[in-house]
Amino acid sequence: MGDSKKYITAEELKKHNKREDVWISVQGKVYNVTDWIKQHPGGDIPILNLAGQEATDAFIAFHPGTAWKHLDNFFTGYYLQDYEVSEVSRDYRKLCVDFAKAGLFEKKGHGVMYSFCFIGLLLFLTFYGVLFSNSFLIHMLSGALLGLTWMQISYLGHDSGHYLIMTTKGFNKMVQIMSGNCLTGISIAWWKWTHNAHHVACNSLDYDPDLQHLPVFAVSSSLFKSLNSTFYGRELTFDSLAKFFVSYQHFTFYPIICVSRVNLFVQTLLLLFSKRKVPDRFFNILGIMVFWTWFPLLVLSLPNWTERVLFVLTSFAVTGIQHVQFCLNHFAADVYVGQPKGNDWFEKQTAGTIDIACSPQMDWFFGGLQFQLEHHLFPRLPRCQLRKISPIVQDLCKKHNLSYRSLSFFEANRWTIRTLRTAAMQARGMLWEAVNTHG
């Protein structure tokens with residue numbers, strides 16, 4: 001008997017790449033997920049970014065084994081013609097299976113409990129220093145401790161966004177709102193919205209929101225073309241103001257990062273009060289209201305405005321170290337323009353990430369995210385497993401002649417500043433050319 005399966009070509013699949021008509025292929029089977037994107041826990045953007053494509057590796061990376069059974073509900077009856085698996089993808093998928101069989105995705109260790117205890121201790125010391133001491137130095141130290149607290153909470157929130165850190169989804173969501181919204185003032189809904197898009201479109205200048213910082217920063221001269229951000233749905237305008245800021249970005253990088261938390265507060269509010277569909281909007285807003293109750297009251301407990309301003313700046317500057325780290329992981333890595341492709345998942349993650357080399361004793365400080373490539377390849381893997389799998393990932397990169405970059409914190413800073421300076425010099429040339437042209 002002949003093959004009774006119905007097939008469509010990759011070109012035919014590409015036609016189904018609109019919000020009102022979304023098809024994807026997973027292991028050669030074609031699925032219509034048009035209606036599902038409205039309910040997808042990870043949001044609509046990750047699916048839309050891969051619409052009309054073969055997306056097996058991305059699906060494997062983000063979903064546990066229990067998700068596979070739900071795919072049958074969306075099967076179109078079509079199979080992808082000439083479906084092939086590259087050697088890199090074959091090895092990557094085998095690793096995923098091996099890690100699952102070894103139980104690595106379920107072995108979370110005691111890191112969550114340690115994090116809760118550490119965060120509790122830091123918060124206690126922060127409040128005690130502000131409320132029960134009259135010393136200026138103790139007040140500034142309390143501000144630094146608050147910044148360190150926000151860093152640790154962010155790592156915990158990041159973990160809970162990728163996998164269950166609690167016993168149930170309900171408890172997991174409660175921890176997200178209480179730790180993220182209530183304690184940091186940054187909405188977990190905003191984080192999921194941007195972070196999932198970042199993972200799928202790692203270092204795409206027009207699809208990855210984590211590289212879209214105009215008019216302040218530009219990591220590549222490609223951004224000088226005023227690209228259209230598919231994430232924000234607007235043009236990333238590179239005008240005279242952007243040229244001026246970008247021309248000096250290698251000098252302004254650290255000062256701006258020190259107060260960049262203000263931007264996160266603003267982005268949170270813009271999302272929560274926008275017309276966009278926001279999961280658990282009420283609880284997200286309620287959590288933000290809690291933060292903007294206790295944080296101003298704590299600051300106002302200080303004796304004068306000089307200390308209040310310095311306390312806030314100190315807390316922002318310390319947590320800014322984390323913001324620097326996230327920039328180091330991607331700013332100096334390879335970038336590209338265009339839609340992410342589902343058939344080169346492993347290659348795009350290796351090209352778009354940089355690891356930060358550190359001793360095991362510093363894992364708590366970097367939250368496991370110093371293993372950025374390992375995390376991008378296996379986002380559901382608990383942070384306590386990332387150091388263990390790092391040699392395996394390195395071997396796989398070496399086997400397929402792919403880059404594996406692991407730099408010291410100092411060297412990663414050098415690479416980042418060099419990248420910013422290169423773009424700055426190009427922008428400065430354009431700026432002076434415009435000045436000379438128009439007088």
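Visitor: Which residues is Glu54 in contact with, leaving aside its neighbours within four places in sequence?

Guide: Glu54 is in contact (heavy atoms within 4.5 Å) with Leu13, Ser25, Val26, Gln27, Gly28, Leu80, Tyr83, Arg93, Gly342 and Asn343. This is a predicted model, where local features need pLDDT of at least 70, side-chain atom pairs count only at pLDDT 80 or more, and totals for chains, interfaces and linings use all residues. Residues are numbered from 1 along each chain as its sequence is written, and side-chain values use heavy atoms, with hydrogens and water left out.

Visitor: How far apart are Glu54 and Ser25 in sequence and in space?

Guide: They are 29 residues apart in sequence, and 4.4 Å apart in space from C-alpha to C-alpha.

Visitor: Is Glu54 buried or exposed?

Guide: Glu54 is buried (under 20% relative accessible area, with a 1.4 Å probe and protein chains only); its value is 13%. Glu54 sits in the loop between helix H2 (45-49) and helix H3 (56-62). Helices here are DSSP runs of H or I with at least four residues, strands are runs of E with at least two, and both are numbered from the N terminus.

Visitor: What does UniProt place at residues 5-89?

Guide: An unreviewed UniProt entry places "domain: Cytochrome b5 heme-binding" there; such annotations may be inferred rather than shown by experiment. In the model, residues 5-89 are 28% helix and 25% strand.

Visitor: New topic. At what angle do H8 and H13 cross?

Guide: The axes of H8 (residues 169-184) and H13 (residues 281-300) cross at roughly 45° and come within 6 Å. Axes are lines fitted to C-alpha atoms, for helices over the stretch in contact, and angles run from 0 to 180 degrees between N-to-C directions. H8 and H13 are therefore oblique to each other, since angles under 35 degrees count as roughly parallel, over 145 as roughly antiparallel, 65 to 115 as roughly perpendicular and the rest as oblique.

Visitor: Which residues meet there, on the H8 side and the H13 side?

Guide: From H8, Ile177, Asn181, Cys182, Leu183 and Thr184. They meet Phe283, Asn284, Gly287, Ile288, Val290, Phe291 and Trp294 of H13.

Visitor: Last one. What spans does UniProt list for "transmembrane region"?

Guide: The unreviewed entry lists five entries, including residues 111-130 and 136-153. Residues 111-130 are 100% helix, with end C-alpha atoms 28 Å apart. Residues 136-153 are 100% helix too, with end C-alpha atoms 26 Å apart.

Key:
Buried < 20%, exposed > 50% of the residue type's maximum accessible area, 1.4 Å probe, protein only.
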